Amino acid sequence: MINRRTFGKAMALGAGAAAVSLTGPQTSPVVAAPRSGASTPGGTSASALPDIAPGTHTTFGRMRHVTAGLLNVGYAEVGPAHGPVVICLHGWPYDIHSFVDVAPLLASRGYRVIVPYLRGHGSTRFRSVTTFRNAQQSAVALDIVALMDALGIHRAVLAGFDWGSRTADIIAALWPERVKALVSVSGYLITNVEAQQEPLPARAEHTWWYQYYFSTERGRRAMEDRDKRRELCRLVWETVSPTWDFDDATFARTATAFENPDYADIVIHNYRWRLGLADGERRYDRYEKRLAGRPVITVPTITLDPERDPFTAPGNGASYRDRFTGAYEHRTLTGIGHNLPQEAPTAFAQAVVDVDHF
């Protein structure tokens with residue numbers, strides 16, 4: 001989920017500064033940022049979105065499919081066909097329903113919102129049975145570039161969390177001409193595999209328990225077993241979003257995405273590759289070499305930190321601030337956990353609208 005190098009560096013700093021709260025209803029997330037409608041770094045202003053309760057929407061309607069690179073990508077699309085494009089990218093163990101409330105909010109502002117299933121999730125399928133089920137970071141990023149090409153989208157706002165943040169960060173770093181602006185939950189998540197070999201403080205390592213579980217064949221077998229997989233994924237939801245009172249139906253809607261025949265292979269390879277325990281493919285070496293240098297991101301960016309996420313590093317974004325060199329703003333959402341778009345859809349959608357006005 002989170003770049004261990006960045007997290008470990010921040011953990012060493014000790015307790016960070018507390019998030020600054022804005023006055024508002026106690027049931028709403030509190031954001032350490034200018035109020036909606038305030039002037040943005042670019043000097044323009046974005047109007048406030050209506051505040052909706054998480055869970056207001058439950059479905060996207062008809063799914064679409066398109067051949068893109070190595071995949072046949074399943075995706076939801078909401079909003080006018082010729083509107084400015086926002087691509088929302090989910091993480092693990094989640095799916096497109098993390099944006100089920102975000103997408104209609106953005107569509108109401110005229111955006112064309114694309115929400116794809118990442119490789120190994122939901123209705124996305126590999127086009128060939130012989131393709132290596134690779135989940136290294138550059139491969140996933142190139143999937144989204146291929147999706148943009150297939151849909152005729154030259155440039156879009158990218159917004160994501162977890163695997164989705166990492167994917168959006170990579171595209172913004174390597175192909176900035178394709179990214180109009182960026183919303184990245186938890187900041188700069190590009191992985192340096194060599195740096196991952198350095199141990200973290202004990203509490204940080206404890207938080208990553210499932211990553212080490214997946215490095216064993218026992219962990220693989222758990223992911224291949226439908227019931228054990230669902231139990232494990234639900235435990236992760238509960239652990240990393242301690243204040244999110246989701247119901248069984250909410251989890252069940254996402255858990256259908258775990259039935260993808262390549263799900264276990266993709267999840268296991270992703271976490272093993274990040275620990276240096278699984279090989280990638282040589283075709284991606286040139287991209288990984290560039291990413292290992294921690295390239296800066298120059299596109300306009302808003303980073304969001306969920307305060308109750310155990311992966312959120314102290315320091316209010318200080319540990320990754322130097323990786324963003326363009327127009328920039330950081331916001332911390334108090335009382336919100338890891339699945340930020342689904343737990344605080346209005347705040348996430350507002351960040352998209354605001355960064356598009358930078």
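This is a predicted model: local features need pLDDT of at least 70, side-chain atom pairs count only at pLDDT 80 or more; totals for chains, interfaces and linings use all residues.
Figure 1. The chain has 358 residues, and 59% of them count as buried. It holds 13 helices and ten strands.

**Figure 2. Helix H3, residues 137-150.** H3 has 14 residues, which should span 20 Å at 1.5 Å a residue. Gly152 follows H3. The phi of Gly152 is positive, near 70°.

**Figure 3. Burial along H3.** Eleven of the 14 residues of H3 are buried, so the rest of the structure largely encloses this helix. Buried means under 20% relative accessible area. Gln137, Ser138, Ala139, Val140 and Ala141 are among the buried residues. Asp143, Ile144, Val145, Ala146, Leu147 and Met148 are buried too.

**Figure 4. Packing of helices H8 and H9.** H8 covers residues 226-240, and H9 covers residues 248-255. The two helices pack at an angle of about 120°, and their axes are 11 Å apart. That angle makes H8 oblique to H9. The crossing of H8 past H9 is right-handed.

**Figure 5. Residues at the H8 and H9 contact.** H8 contributes Arg230, Cys233, Arg234 and Trp237. H9 contributes Asp248, Thr250, Phe251, Ala252, Thr254 and Ala255. By class, five of the contact residues are nonpolar, two are polar and three are charged.

Key
Residues are numbered from 1 along each chain as its sequence is written. Side-chain values use heavy atoms; hydrogens and water are left out. Helices (H or I, at least four residues) and strands (E, at least two) are DSSP runs, numbered from the N terminus. The expected span of a helix is 1.5 Å times one less than its number of residues. Buried means under 20% relative accessible area, exposed over 50%, partly exposed in between (1.4 Å probe, protein chains only). Axes are lines fitted to C-alpha atoms, for helices over the stretch in contact, and angles run from 0 to 180 degrees between N-to-C directions. Angles under 35 degrees count as roughly parallel, over 145 as roughly antiparallel, 65 to 115 as roughly perpendicular and the rest as oblique. A crossing is left-handed if the near helix is turned anticlockwise from the far one by less than a right angle, and right-handed if clockwise. Contact means heavy atoms within 4.5 Å. Ala, Val, Leu, Ile, Met, Phe, Trp, Tyr, Cys and Pro count as nonpolar, Asp, Glu, Lys and Arg as charged, and the others, Gly among them, as polar.
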